[in-house]
Amino acid sequence: MSLRSESSLVGSLNPEQRVAVEHFEGPALVLAGAGSGKTRVLTTRVAHLVHEHGVPIDRILAVTFTNKAAGEMRERIGQFLGGEPRGMWMGTFHALGARLLRRHAHLLGWDRSFTIFDAEQSLRQIKRTLQSLDIDPKRFSPKAVRAMMSGAKNQLVSPASFRDQHEGGFDLFARTVARVYPAYQKALKDQNAFDFDDLLVKPVELFTAHPGVLEQYRARFSFLLVDEYQDTNHAQFRFLALLAEGHGNLMVVGDDDQSIYGWRGADLRNILDFEETWPGATVIRLERNYRSTATILEAANAVISENVHRKGKTLRTEREGGEGIDRVECADENDEARVVVDEISRRYEHGPGLHNYRDFAILYRTNAQSRALEDAFRRKGVPYQIVGGVRFYERREIQDVMGYLRLLSNPLDEDAFRRVVNYPRRGIGNRSIERLVEGAEAEGVGLLEAASRASELGGIPTGGARALERFAGLISTWSARAATVRVGPLLEDLVEELDLYRHLEDEGPEGEDRIDNVKELIAGAMDFDAQTLEELDPDEIDTFSELDLFLQRVALVADVDRLDPDSDAVTMMTLHNAKGLEFPVVFITGLEDGLFPLSRAYDEPAEMEEERRLFYVGITRAEDKLFVCHARQRRRAGEYMYGRLSPFVEAIPEALIEGRTSSRLESVRGSTPHRRRPRFERDAADDRRFVPDETFEPSFNQDGPRYVKGERVAHATFGSGTVKEVTGFGKDTKVTVDFDDVGRKRLLVRYANLEKDWIA
């Protein structure tokens with residue numbers, strides 16, 4: 001790239017973007033609003049550092065939150081530089097952590113051919129650990145145990161520290177996890193394995209325990225760029241701080257208004273307190289939105305302004321006006337699905353400029369909401385794709401094949417051994433496996449090594465012992481081949497050796513789909529090697545096994561990475577999966593109080609603010625048109641529950657939103673006119689008071705008494721009062737009442753026995 005083209009590149013930026021790109025040394029926080037061009041800023045900054053300041057490309061470290069984002073960034077930087085940015089480390093926190101551990105795992109007691117346990121493998125190991133400790137997995141859910149251990153790891157709390165904190169406490173569950181956590185971590189180490197959280201924790205341990213290694217990477221990476229900083233947890237924060245403490249050249253890009261992963265450990269304080277952590281930091285706000293219409297942005301700004309804990313910014317755009325926001329009230333979830341599909345079909349056939357199904361996206365709070373939508377799409381014959389369904393690499397046949405590769409790479413991987421030892425069937429029964437496990441424990445060796453001399457262990461049936469030894473020989477032979485054969489041909493030949501296609505054919509029509517999936521896996525393995533070599537440092541090419549790297553890449557694939565933007569299909573996904581994406585037309589469904597926001601959010605102000613940020617993320621995915629849909633009743637957990645409109649929708653200014661009801665709901669209600677949106681009035685204290693809708697059809701209420709904010713009620717003990725909040729669904733409906741004599745109380749409706757205070 002010439003100096004002239006570099007000047008042209010920077011000259012095309014808006015003033016705020018240019019300030020961010022031209023910032024040189026020292027810490028910087030770039031508050032990048034939705035659709036403000038942050039990817040462009042990050043990639044242009046890399047080019048600027050190289051061309052204007054002479055920074056070698058391999059001295060720059062860029063961290064993203066998805067492999068897809070890393071790939072896009074690498075491609076753009078390559079275009080700016082006129083060639084592959086070889087030597088630049090770029091990827092997710094997990095991928096970079098795995099890369100560091102491949103180099104230095106031996107310093108922590110692991111071998112560099114370690115296995116990365118995915119979520120399901122981790123759960124299976126937790127279940128085995130519970131059983132080994134005589135703890136009932138039905139009483140203590142492995143998922144709940146994993147969640148608590150994950151939270152501890154994200155806070156950099158070691159197994160020993162967690163045990164010391166909780167083994168003598170009153171919380172039975174925490175005491176139980178205090179026993180499981182150290183045993184689980186030992187089981188991982190015995191199998192030369194890490195789980196996802198370890199990929200964040202172990203690099204911090206490495207840097208802390210080995211200052212020389214830390215200094216090596218501090219010297220290597222003179223400039224750090226971090227995307228989606230609002231989603232970092234404490235372990236990620238500490239990793240960055242350790243690397244940047246020497247030079248302070250840390251630029252983080254993020255949006256506190258889009259911090260939506262608190263439930264998995266993200267700490268909003270990382271971005272809110274950035275200036276305290278890094279005194280003298282430069283703060284740059286990117287508020288010009290290049291995605292959405294003024295109508296959509298005004299709605300988004302109004303919604304998010306109700307949050308208290310935020311840095312503060314106001315998105316603006318040059319796309320004046322735009323279609324109003326449609327609020328559609330439906331009878332139930334099936335009616336809602338029909339309305340959405342009919343609207344998409346109408347716009348697809350007649351809408352100006354909308355001739356692709358990929359222009360439409362449907363967002364929802366929970367995965368369970370997709371069922372009714374899927375049924376409606378199938379009936380109508382409209383193509384769709386779901387992001388966040390059963391992932392490709394989680395399919396049974398793919399896990400089986402990958403189990404073989406994992407065992408070839410890491411002979412200590414007990415989970416992989418158990419999965420494939422009798423697949424395809426070899427006549428190895430459960431009794432043989434039980435005896436093998438006992439023998440391996442007695443000998444202090446791994447299952448694969450024990451299998452290689454099963455006939456010597458005793459207690460294993462003769463047929464089973466011979467089959468185990470043949471299996472161990474098979475793995476030994478293919479493991480030797482894996483050291484010299486590229487991963488694509490290796491996998492192709494292994495599948496043929498196992499005669500896997502014939503076994504899958506025996507499963508009937510479903511087996512044909514499984515065969516296609518295995519062939520797709522092989523195709524991906526064939527394409528893997530060229531891309532891998534481009535991203536590695538020269539010293540890594542000779543030291544990293546291609547098979548290990550392939551397994552690592554597969555383990556780190558995320559849901560959103562599998563979104564096919566070229567597929568002409570409507571996209572359906574949860575709001576969490578939608579972050580970072582954009583579509584001309586967006587439907588946000590299920591906007592009922594208790595579903596979105598979830599009922600539990602009312603108990604914690606921080607959770608409510610995160611739910612509101614999630615709605616903000618949904619709104620700002622829309623480029624041209626936004627629909628918000630809600631249902632009068634919805635089946636949840638087998639029960640029909642009455643739905644009130646989400647309070648989030650109330651924050652959208654009336655001038656921006658047009659309300660209507662579905663044709664089915666109109667037919668039920670007859671010719672009674674429907675009010676355009678819920679009415680609110682101001683009371684003497686200037687609080688918003690809901691005015692009940694006189695056109696409400698009682699038949700839609702399946703859950704007994706209905707209370708609304710602002711009405712008067714009476715309680716046998718507390719006397720009369722005013723309803724201030726109503727939350728939840730059905731049996732879980734709660735009311736907050738300001739009683740005249742005893743003050744505010746929060747009550748569960750089904751036990752409160754409230755009566756309407758008609759006298760008031």
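**Exercise 1. Is Asp 257 buried or exposed, and which residue forms a salt bridge with it?**

Step 1. Asp 257 has a relative accessibility of 1%, so it counts as buried. Here buried means under 20% relative accessible area, exposed means over 50%, and partly exposed lies in between (1.4 Å probe, protein chains only).

Step 2. Before going on, note that this is a predicted model, in which local features need pLDDT of at least 70 and side-chain atom pairs count only at pLDDT 80 or more, while totals for chains, interfaces and linings use all residues. Residues are numbered from 1 along each chain as its sequence is written, and side-chain values use heavy atoms, with hydrogens and water left out.

Step 3. The partner of Asp 257 is Arg 310, with the closest N and O atoms 2.8 Å apart.

Step 4. Now place the two residues. Arg 310 is in the loop between helix H15 (294-304) and strand E9 (325-330), and Asp 257 is in the loop between strand E7 (250-254) and helix H13 (269-272), so this pair links distant parts of the chain, 53 residues apart. Helices (H or I, at least four residues) and strands (E, at least two) are DSSP runs, numbered from the N terminus.

**Exercise 2. Which residue meets Glu 582 in a salt bridge, and how many residues apart are they?**

Step 1. The side chain of Glu 582 meets that of Arg 291, at 2.8 Å from N to O.

Step 2. The two are 291 residues apart: Glu 582 is in the loop between helix H29 (575-578) and E13, and Arg 291 is in the loop between strand E8 (282-286) and H15.

Step 3. Check the accessibility of each partner. Glu 582 is partly exposed at 41%, whereas Arg 291 is buried at 10%.

Step 4. For the overall picture, the salt bridges in the model number 66.

**Exercise 3. Why do Phe 587 and Phe 627 count as a stacked pair?**

Step 1. Start with the rule: rings of Phe, Tyr and Trp (its six-membered ring) pair if their centres lie within 6.5 Å; planes under 30 degrees apart count as stacked, over 60 as edge-to-face and the rest as tilted. This gives 23 aromatic pairs.

Step 2. Apply the rule. The ring centres of Phe 587 and Phe 627 are 4.4 Å apart and their planes lie at 10°, so the pair is stacked.

Step 3. Find the rings in the chain. Phe 587 belongs to strand E13 (residues 583-588) and Phe 627 to strand E14 (residues 622-631), so the pair ties together parts that are 40 residues apart in sequence.

Step 4. Look at burial. Phe 587 is buried at 1% relative accessible area, and Phe 627 is buried at 1% as well.

Notes:
Salt bridge = Lys/Arg side-chain N within 4 Å of Asp/Glu carboxyl O.
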